[in-house]
Amino acid sequence: MQLNRRELLAGATAMALASQMGTARAAGAINYWHHFASQSEMEGLAKIIALFQAKYSGTKVTQEGIPNSEYMAKVSSAVVAGGKPDTGMVITERFADLVAMNGLVDLSARVKAWPGRSSFPDNRWKGLSQDGKIYAVPAFAFVDWMYYRADYFEQAGLSGPPKNFDEFVQAARKLTDPSKGRYAFSMRGGAGAFKYVIDVMEAFGSPIVKDGKPAIDRAAAIEAVTFYSDLFVKEKVVPPSAPNDSYRQIMEAFRTGQTAMVWHHTGSLSEISGALKQGTQFQTAPMPAGPKAQIARVAYAGNGVIKEDNIEAAWQWVSFWGEPEAAIALLEATGYFPASTAALQDPRLTSNKIYDAAVKTLDFGRLPNTFVGAAGWSENVVNPAFQSVLTGQSKPADAVDRMIKGLDAAMR
Amino acid sequence: MDTGSHLPKTGMIGELSETRYWIYLLLLPSLVIILLVIAYPTIYGMAISFREMRLTRPGLTGWVGFKHYIVMIDDPVFWVALKNTVLWVTFAVVLELGLGFIAATALNRNVPGTGIFAVLILVPYFLPNVVAGHMWALLLDPRLGVINDVLVRIGILSSYKAWFADPNTALAATIFVEAWHGFPFFALLLLAGLKGIPYDLYRAAAVDGAGPIAQFRLITVPMLKSVIAAAVILRVISLVNSPDLLLILTGGGPGDATQVLSLYAFQTAYKDFNFGYASALSVVMFVILMVFAYAYIRLSKIGQE
C-alpha cells in the first residue's frame, strides 16, 4: 500500500488526536500498587474497586499486584527512576523507609477534614504517621494470634492452648512424635523468621529500639534466642526443615497435619479454614506470654498517596478504603480485620467465636517496630543470624552480637 | 521488474554511501544504544560505589572515596559470599559442561529419534529461572517432595531430608538444580560445534589406529576448544550475575550458607536500600569477571589460533 502526502498528514493528525484523547481519559485514572496475591485477596480488591467505581464513576482505578517480597524493591526503583504510581499499599514495618525515601505524600490536612476520621482512634494512625504528619489512611489490621489443632490437643490430653512459654514447651513435648512425622510447632526459620525472633526477644524483656536509638538488651536477647532456637536444636519439637521454612512451608505443615501449632495473624484465617474445620480441627488463641511480656502485633495496613499528579482522585481512593463498606467487603472476602471501629461493630465479626482471640489481642497488642532501616536489618541481619544458630553454625550470643552490630550500622 | 539499480545514486546519502565513512554511519545507531544502555549505567554504577547513596537516608550523600571498599574488607558476609560464588560457579559450570558434552555427543549420532530428544533436553533451559526454582523447591520439599519419597523408597534415605535447610547440603542442592537448568546451554553450543567437525578426520584417525578415546582427546576436544571457551565464559558471566535461583530456593540461607555476591548486592540494594555499598559489591564482581575472562582466554590460547 502506498500513501500520498495528504493521506500521510491526515493519518498523523488522527493519531495525534487519538493520543490527546488518551491523555484526557488518563486524567481521571489512577493506578494502585499493592501486594495482595491470594485468590481471596484479589476477590476482596475487586469488590472494593467495584464499590469505588460505583461511588466515584469519574475515576478509574488500575491495580497492579507486586509480590510482597519484591514490593519495596519495586517502589524504591520507582522512586529513584521517577516512575511512581499514584497510590500504594503501606504497612507499618515499611512505613519509616517509605517516608525516608520521599515515597509518601503528607495527607494530614486532608485527614483532618475527612468525616471518616472519627472512626479511627489515635492508635490506628500511630504506625502511619511521623513527626505529627499523617501519610496513609488505615484500611485493615493484621492481628497476631496462634492457630492450634484442637483435635491433636485433645488426643494429647491437653485441656487448652498454652498461655505462656512454659506451657508452650510442655505442650510441644506432648504433641511431638517424629515417628508419625508429627511436630508440635511450625517454626518460621526461612524468609520472615525475623518477626518471631524479635517478638520473642521483646517477650524476654529486650527492646529493639528506644527513643529512636538501638536498645537491644544483650542478656535478655541471648536468653530469648536460646529459648526460641532450642525448640529446634534441643527440644526437636519443630520440623527439620525449619531453617528454610517461610510462610508457605509453615502453613503447608499446619494444613497437612504435620504440625499442631503455628504463629501467624488473622490474615491466614481464610486459607486455614479452607483446609481444616473451625472448632473441631483447629482453633485460635492469643499468643503465649513470655517471661516479661505478652507480645502480639496489631499491624495496621493502609494506603498512601505516592505521587501528587492526581491527588484528588488518589485521595478519594485511599480514603475509600477506610469506609465501612470497603472494610466489610474485604473482611467477607479475606477475613482481614477492619481498622475502622465502625466496621468492627459489624455482627459478622462480633458473632463469630473464632475472632475472640483477635479481639482479646487488640487490648494488649503492640505495633510492629518501625524505624528507618528496619526492613534491611530484619531480613539481612536477623534472619541469617538466627538461621546460623538453628544450623549450629553459631551460638545465640554470637547471633545477638551480630544483630546488635547490624542494628547500630542500620540506624547510623 | 525494474529494480531501479541502473539509476544513478543521487543526493547526499548516495554520495556518502560510496565513502569509507558509510560503515561508521551504519554503526552509529548501535553505538548510541550501547552507550546509553550499557556504558552509561556501568559508569554511573561505578561512580555510585564511591558515593554514599542510601535511599532511606537522603541527607547522607556525597563522595566517600574508597570507604565502601574498605568496609568490604572487614565484612565477613562479603568473604563468605565470595567463597560461595567461586564454589557455586565452578561446580555448576563443570557439571553443566560435563552433562552438556554427554548430551551433545549422544545427539550428534544420527540415529532415529534424536530430534525429539534434542527438544526434550532443551526443555530445562527454556524454563525461566523462577519457574525452575519453584519446581525444584517442590520436588525437593521435605514434606511433599517426590525426590525425597523416591530416595526413601529405594533405601538411600531413612527419612525425608530438608536439603535446603542444612548448611552441609544447601549449596550442593542448589548447584544440582542449577546444573539441571543450565546444561542444555552447553549441549546446544557443543552440538553445533560437533556438527562442524569434518567426519574425514575421524576416519583418518581410525585408519591410523586411534580408538574412540584418542579420537575424542585428539580431535573432538581441540576442535571444540573455541566453542568450549566461549560457552564457559558466557555461562560464568551469567551465573555470577544471576541470583534469582538462589533467591527462590534459599534466599542465601540457612545462615549465609548459600549467600553469593550477586544476591548479597541485590539484598543490600533492595532490602537495605544502600545503593553505594551494593554498587561497590557489583564493581568487585565486574572486576573479578574481567580478570577471569582475560586469564581464561590467555590460558586457553584462543587468541593465538
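Tutor: Let's start with a term: a polar contact is a pair of N or O atoms within 3.5 Å; within protein, one must be able to donate a hydrogen and the other to accept it, and residues adjacent in sequence count only if both atoms are side-chain atoms. By that rule, 14 residue pairs, both at pLDDT 80 or more, are in polar contact across the interface of chain A and chain B. Bear in mind that this is a predicted model, where local features need pLDDT of at least 70, side-chain atom pairs count only at pLDDT 80 or more, and totals for chains, interfaces and linings use all residues. Residues are numbered from 1 along each chain, chains are lettered from A in the order in which they are written, and side-chain values use heavy atoms, without hydrogens and water.

Student: What makes A:Arg402 and B:Asp256 a salt bridge?

Tutor: The term asks for a side-chain nitrogen of Lys or Arg within 4 Å of a carboxyl oxygen of Asp or Glu. For A:Arg402 and B:Asp256 the closest N and O atoms are 3.1 Å apart, so the pair passes that 4 Å limit. Between chain A and chain B the count is 3 salt bridges.

Student: Why is A:Glu252 called buried while A:Arg248 is called partly exposed?

Tutor: Buried means under 20% relative accessible area, exposed over 50%, and partly exposed in between (1.4 Å probe, protein chains only). A:Glu252 has 17%, so it counts as buried. A:Arg248 has 38%, so it counts as partly exposed. Their side chains meet in a salt bridge, 3.7 Å from N to O. Both sit in helix H11 of chain A, and because they are 4 residues apart, about one helical turn separates them.

Student: How do you know which class A:Lys353 belongs to?

Tutor: Its relative accessible area is 66%, so A:Lys353 is exposed. Its salt-bridge partner, A:Asp356, lies 4.0 Å away, N to O. A:Asp356 has 33%, so that residue is partly exposed.

Student: What makes A:Lys74 and A:Glu64 a link between distant parts of the chain?

Tutor: The two form a salt bridge at 2.8 Å between the closest N and O atoms. A:Lys74 is in helix H3 of chain A and A:Glu64 in strand E2 (residues 60–65), 10 residues apart. Helices (H or I, at least four residues) and strands (E, at least two) are DSSP runs, numbered from the N terminus.

Student: How confident is the predictor in chain B?

Tutor: On the pLDDT scale, the predictor's confidence in each residue from 0 to 100, chain B has a mean of 90, and 95% of its residues reach 70 or more.
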